[in-house]
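This report goes through selected features of one protein model. Please keep the sequence and the 3D view open while reading.

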Amino acid sequence: ITINASLSISTSTMMKSLFFIAATALATATVADASTTVAVLEFGKSGSVRRTLTKSTHTTVAGVASLWNPNGLQHADMTVVPDLFQTPSGAVVVGISGAGVDLNSMPTVQGLLHSSDAANVVGHMTLVGAQGRTLVNKVGPATTLNAATLVKGVEKECHSAKLSSVHVTVEDATTAAQVDAQVAALMKQLLESTSNDSTIVVHLVVEEEEGAARRRLTTRRLEDEQQDEEEEDNGEDEEAEDGEGNNNNNNQNGYYGYGYYDTYGNWVTPYKTMFQIQYFNIVLWTAVGLTVILFYTIYMMMDMPLMPDTLLFGESAKLSGD
């Protein structure tokens with residue numbers, strides 16, 4: 001009887017452990033399937049945030065938080081960085097999440113999140129998992145809005161002295177369509193109301209639900225594989241082109257202007273990024289200023305008057321007389 005009771009207890013404990021492991025694995029898989037995308041939009045005078053040359057948009061919650069704290073340490077390999085000298089007049093984080101979020105039914109939001117050529121879009125960042133609420137809470141307590149109050153609520157927060165956040169919950173497809181229409185109206189309103197002397201930065205944080213994110217990730221993976229195959233097929237033809245042809249292709253981007261490929265196939269250009277220009281000027285003029293101060297100090301010391309010490313010479317005369 002004792003043996004049977006022990007076996008029964010062990011079996012029950014094992015079943016509970018297996019159930020806990022399965023539930024944990026299911027929850028982990030569900031979170032991993034979700035996707036969070038951040039789009040950085042700038043209205044009015046541009047220059048407060050800048051796009052870098054980093055191609056990968058993947059980052060972490062800490063990386064996005066570093067962008068929102070321009071006075072702190074910036075994470076490496078970020079697609080968007082704050083400017084060192086120009087700060088926006090106002091900034092707001094707009095979080096959109098919920099079970100009804102499906103970008104296929106939200107064309108305006110989808111265009112802002114996945115199109116690099118969209119108007120006023122500086123750059124994008126993508127995070128794995130459902131990180132929308134976590135990002136919004138990094139700023140502080142978020143103001144809860146709905147589709148009807150989205151435009152007025154964001155406009156109010158844009159004129160606050162510090163970075164603030166709002167959040168909208170999308171419950172179904174009807175709410176998703178309403179929110180998408182209000183986002184379009186918000187973009188139009190900010191574009192018309194922001195003057196050229198001020199800058200408004202909007203960080204659009206969209207957490208896509210698991211099923212839609214899985215379908216989108218699968219489609220994107222297939223497109224990437226197809227693109228890789230096409231690049232491999234065209235690789236031999238590209239290697240056969242001379243340096244002049246490569247330079248002409250890169251000259252289409254006015255930022256680089258001129259460059260060439262080295263022996264290892266890396267693109268080399270003498271043009272500098274905005275960060276490199278700013279850093280060079282800071283170091284240069286700091287060194288020039290310190291050098292001027294040093295030489296001015298030496299010059300002032302050269303013109304100092306030299307007079308004999310009467311007390312010292314008087315004591316020397318007494319000693320000589322004795």
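## Two crossing helices

A crossing of two helices is called left-handed if the near helix is turned anticlockwise from the far one by less than a right angle, and right-handed if clockwise. The crossing of α5 and α6 is right-handed. Helices (H or I, at least four residues) and strands (E, at least two) are DSSP runs, numbered from the N terminus. Helix α5 covers residues 150–158 and helix α6 covers residues 173–193. Their axes come within 9 Å and cross at roughly 40°. Here, axes are lines fitted to C-alpha atoms, for helices over the stretch in contact, and angles run from 0 to 180 degrees between N-to-C directions. The two helices α5 and α6 are therefore oblique to each other. Angles under 35 degrees count as roughly parallel, over 145 as roughly antiparallel, 65 to 115 as roughly perpendicular and the rest as oblique.

A184 is partly exposed, with a relative accessible area of 31%. The terms used here are buried (under 20% relative accessible area), exposed (over 50%) and partly exposed (in between), with a 1.4 Å probe and protein chains only. Between A184 and V151 there are 9.5 Å, C-alpha to C-alpha, while the two are 33 residues apart in sequence. E157 belongs to helix α5 and is buried, at a relative accessible area of 16%. From E157 to T143 the C-alpha distance is 9.1 Å, with a separation of 14 residues in sequence.

## Basis of the model

The structure is a predicted model, in which local features need pLDDT of at least 70 and side-chain atom pairs count only at pLDDT 80 or more, while totals for chains, interfaces and linings use all residues. Residues are numbered from 1 along each chain as its sequence is written, and side-chain values use heavy atoms, with hydrogens and water left out.

## The salt bridge

How many salt bridges does the structure hold? It holds one. A salt bridge is a side-chain nitrogen of Lys or Arg within 4 Å of a carboxyl oxygen of Asp or Glu. The partners are R50 and D83, and their closest N and O atoms are 2.9 Å apart. R50 lies in strand β2 (residues 49–51) and D83 in the loop between β3 (80–82) and β4 (90–97), so the pair ties together parts that are 33 residues apart in sequence.

Is D83 buried or exposed? D83 is buried, with a relative accessible area of 9%. R50, in contrast, is partly exposed, at 28%.

## A nonpolar surface patch

A nonpolar patch on the surface is formed by L84, F85, F275, Y279, I282 and V283. Together they have about 640 Å² of accessible area. Accessible areas come from the Shrake-Rupley method with a 1.4 Å probe; for residues, only the protein chains shown count as cover. Patches are made of residues with over 30% relative accessible area and no salt bridge: like charges are joined within 9 Å, nonpolar side chains (Val, Leu, Ile, Met, Phe, Trp, Tyr) within 5 Å.

F275 is located in helix α9, which covers residues 274–302. With a relative accessibility of 52%, F275 counts as exposed.

V61 is part of helix α2 (residues 61–67). Its relative accessibility is 15%, so V61 counts as buried. V61 and T126 are 65 residues apart along the chain, and their C-alpha atoms are separated by 9.8 Å.

L73 sits in the loop between α2 and β3. L73 counts as exposed, at 79% relative accessibility. L73 and G63 are 10 residues apart in sequence, with 9.7 Å between their C-alpha atoms.

## Positive phi angles

D77 also has its place in the loop between α2 and β3. Phi of D77 is positive, at about 60°, although D77 is not a glycine. D77 is exposed, with a relative accessible area of 60%.

N120 is a residue other than glycine with a positive phi, near 70°. The loop between α3 (107–114) and β5 (121–128) contains N120. At 26% relative accessibility, N120 counts as partly exposed.
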